[in-house]
Amino acid sequence: MTARSPLLELTDVTASYGRIQVLDGVSLSLEDGGAVGILGANGAGKTTTLRAISGMVRTGGSLTFDGRSLRGLRPDQVARLGIAHVPEGRGTLGHLSVRENLLVGAYQRKDRSGVAEDIDRCLDLFPNLADRVSAPAAGLSGGEQQMLAVARGMMAKPRLLLLDEPSLGLAPTTAATVYESIGRLRKETAVSMLVVEQNANLAFTLVDSATVLETGRSVLSGPRDELMGRDEIRRAYLGS
Ligand SMILES: Nc1ncnc2c1ncn2[C@@H]1O[C@H](COP(=O)(O)OP(=O)(O)O)[C@@H](O)[C@H]1O
Ligand SMILES: [Mg+2]
């Protein structure tokens with residue numbers, strides 16, 4: 001028997017905004033059910049890597065999901081394959097209620113009773129949202145808005161969730177709470193995760209392995225424990 005191929009595989013990916021190339025060799029591999037981190041400083045190309053997967057920028061190299069190439073697909077086509085993108089800055093719709101935001105996440109689905117069940121499941125997974133289900137999203141705290149953004153991503157029933165800096169702009173204790181919720185989500189569902197973070201301490205509470213980007217290139221990849229033991233990672237990303 002041959003080894004099972006990864007759910008998501010990026011090999012030497014390049015990406016450009018117009019004529020400006022910002023990714024120059026990003027590689028990573030994610031097993032079905034796994035969680036992989038993308039670490040790196042501001043401007044390293046983390047967000048662009050997620051955009052490359054989602055079909056939002058022009059790419060080169062190889063990107064495959066479940067054995068099929070993502071190159072040239074539009075964002076809606078990528079979404080339909082089972083990839084949900086939770087963008088940097090969350091993107092929740094402030095004037096809509098929590099429930100309406102969740103419905104937006106399910107817009108491609110036709111199974112109304114399944115959608116209703118999944119809203120209930122999301123509210124179980126993110127109890128902070130359950131109390132506020134009819135309230136406008138704009139009134140939620142930053143941490144609650146992040147949880148809503150993740151829950152909205154899950155409403156598409158994705159196989160893979162792309163999370164862009166879930167801790168951005170949150171106080172440390174709030175960020176830790178958000179990561180606990182995402183960790184519970186990981187345990188209680190089969191969803192795979194690709195998680196962009198500047199805060200490696202937080203990311204390592206969730207992911208099995210990670211790749212470090214510097215100026216648009218993967219410079220180091222490995223299992224969590226191996227990376228956490230490396231001096232350069234500790235100095236640059238773990239504050240020790
Ligand atoms: N829309 C854009 N047009 C041109 N350059 C961009 C655009 N978005 C980001 N960049 C540049 O691409 C590089 C990588 O950005 P980004 O992927 O957002 O990094 P990160 O998420 O790691 O902070 C940066 O140099 C940034 O200035
Ligand atoms: Mg970013």
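**Notebook: the shell around ligand 1**

I began with the secondary structure around ligand 1: helix α1, residues 46-54, gives the most to the shell, with four residues. I keep in mind that this is a predicted model.

Next I listed the surroundings. Ligand 1 has Tyr17 and Val22 around it, then Ala41, Asn42, Gly43, Ala44, Gly45, Lys46, Thr47 and Thr48, and also Arg51.

Then I looked up the polar contacts. Which residue places a backbone N or O atom 2.7 Å from an oxygen atom of ligand 1? I found Gly43 there. Lys46 uses its side chain: one of its polar atoms lies 2.8 Å from a ligand 1 oxygen. For Ala44 I noted a polar backbone atom, 3.2 Å from an oxygen atom of ligand 1. On its own, ligand 1 has 570 Å² of accessible area, and the protein covers 62% of that.

I went back to α1. How many of its nine residues are buried? I read eight, and I put the helix down as mostly covered. The buried set starts with Lys46, Thr47, Thr48, Thr49 and Leu50, and continues with Ala52, Ile53 and Ser54.

Gly55 follows α1, and I noted its positive phi, near 80°.

Methods: Residues numbered from 1 in each chain as written. Chains lettered and ligands numbered in written order. Predicted model: local features only at pLDDT ≥ 70, side-chain atom pairs only at ≥ 80, totals over all residues. Heavy atoms only, no water. Near = heavy atom within 4 Å. Polar contact = N/O pair within 3.5 Å; in protein donor to acceptor, adjacent residues only side chain to side chain. Areas by Shrake-Rupley, 256 points an atom, 1.4 Å probe, with all protein chains shown as cover. Helix = DSSP H or I, 4+ residues; strand = E, 2+ residues; numbered from the N terminus. Buried < 20%, exposed > 50% of the residue type's maximum accessible area, 1.4 Å probe, protein only.
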